[in-house]
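Trainee: I would like to learn how to read pockets and aromatic contacts in a model. Can we go through one case?

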Amino acid sequence: MLGVLVHAAVEQANGDARAAFYLANPQGTALYHLTGMTKDYARYVDGFGIGSASLACGLAAAKRRAVITPDVTEDPSWSEWNWLANKFGYRACWSFPVEANGRVLGTFAMYHVAPTEAKARDLEFASLLSRTAAKIISSH
């Protein structure tokens, strides 16, 4: 079911982005790829830490708010991770927490091939997808 949401997100971006969902471990300390990106990408990010010193999805999960990075090459917090963005061909990364019943279940991410600012409609659509994902994940 989450794959359908990933497909909808990519369509909404006119095919100029990729999307993925990540699941938080039971302790709420790390994220693991569920669907959207390649297995090769997942190999690099599985176990990505959740915390206030993290970035992207790890930070979104810790702060329980969207973390929008319009251009990862211009954000100093991405300096250690720019190699990953280069390897997988994205410049913007938008991360959103997926929450239910007062706890973070995981995150939703959008990866854009070019620097991209999030518009109000993008944030609304991501919020809808995150809420839907929370219902799907909670039911399993």
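Trainee: What volume does the largest pocket have?

Mentor: In this predicted model, the volume of the largest pocket is about 230 Å³. Its lining has 16 residues, and Q12, A13, W94, H112 and D122 are the closest to the centre. Helix 1 (2-12), strand 6 (103-112) and helix 5 (120-138) each give two or more residues to that lining. Helix 5 provides the largest share, four residues.

Trainee: How do the residues of the lining divide into nonpolar, polar and charged?

Mentor: Seven are nonpolar, four are polar and five are charged.

Trainee: Now the rings. By what is a pair of aromatic rings described?

Mentor: By the distance of the centres and the angle of the planes. The count here comes to eleven aromatic pairs. F21 and F108 are a tilted pair, with 4.9 Å centre to centre and 35° between the planes. F21 belongs to strand 1 (residues 17-24) and F108 to strand 6, so this pair ties together parts 87 residues apart in sequence.

Trainee: Is F21 buried or exposed?

Mentor: Buried, because its relative accessibility is 0%. F108 also counts as buried, at 1%.

Trainee: What kind of pair do Y41 and F88 form?

Mentor: Their planes are at 90°, so the pair is edge-to-face, with the ring centres 4.9 Å apart. Y41 is in helix 2 (residues 39-45) and F88 in helix 4 (residues 82-88), so parts 47 residues apart in sequence are tied together. Both residues, Y41 and F88, are buried.

Trainee: Which residues do ring pairs link into a cluster?

Mentor: Y41, Y44, F48, W78, W81, W83, F88, Y90 and Y111. Over the face of Y44 lies R43, 4.6 Å from the ring centre.

Note on methods. Residues numbered from 1 in each chain as written. Predicted model: local features only at pLDDT ≥ 70, side-chain atom pairs only at ≥ 80, totals over all residues. Heavy atoms only, no water. 1 Å grid on protein atoms, 1.4 Å probe; cavity = no way out; pocket = protein on both sides within 12 Å on 5 of 7 lines; lining within 4 Å. Points joined across faces, edges and corners; volume = space filled by probe spheres on them. Nonpolar A, V, L, I, M, F, W, Y, C, P; charged D, E, K, R; others polar. Phe/Tyr/Trp six-rings, centres within 6.5 Å; stacked < 30°, edge-to-face > 60°. Buried < 20%, exposed > 50% of the residue type's maximum accessible area, 1.4 Å probe, protein only. Lys NZ or Arg CZ within 6 Å of the ring centre and 35° of its normal.
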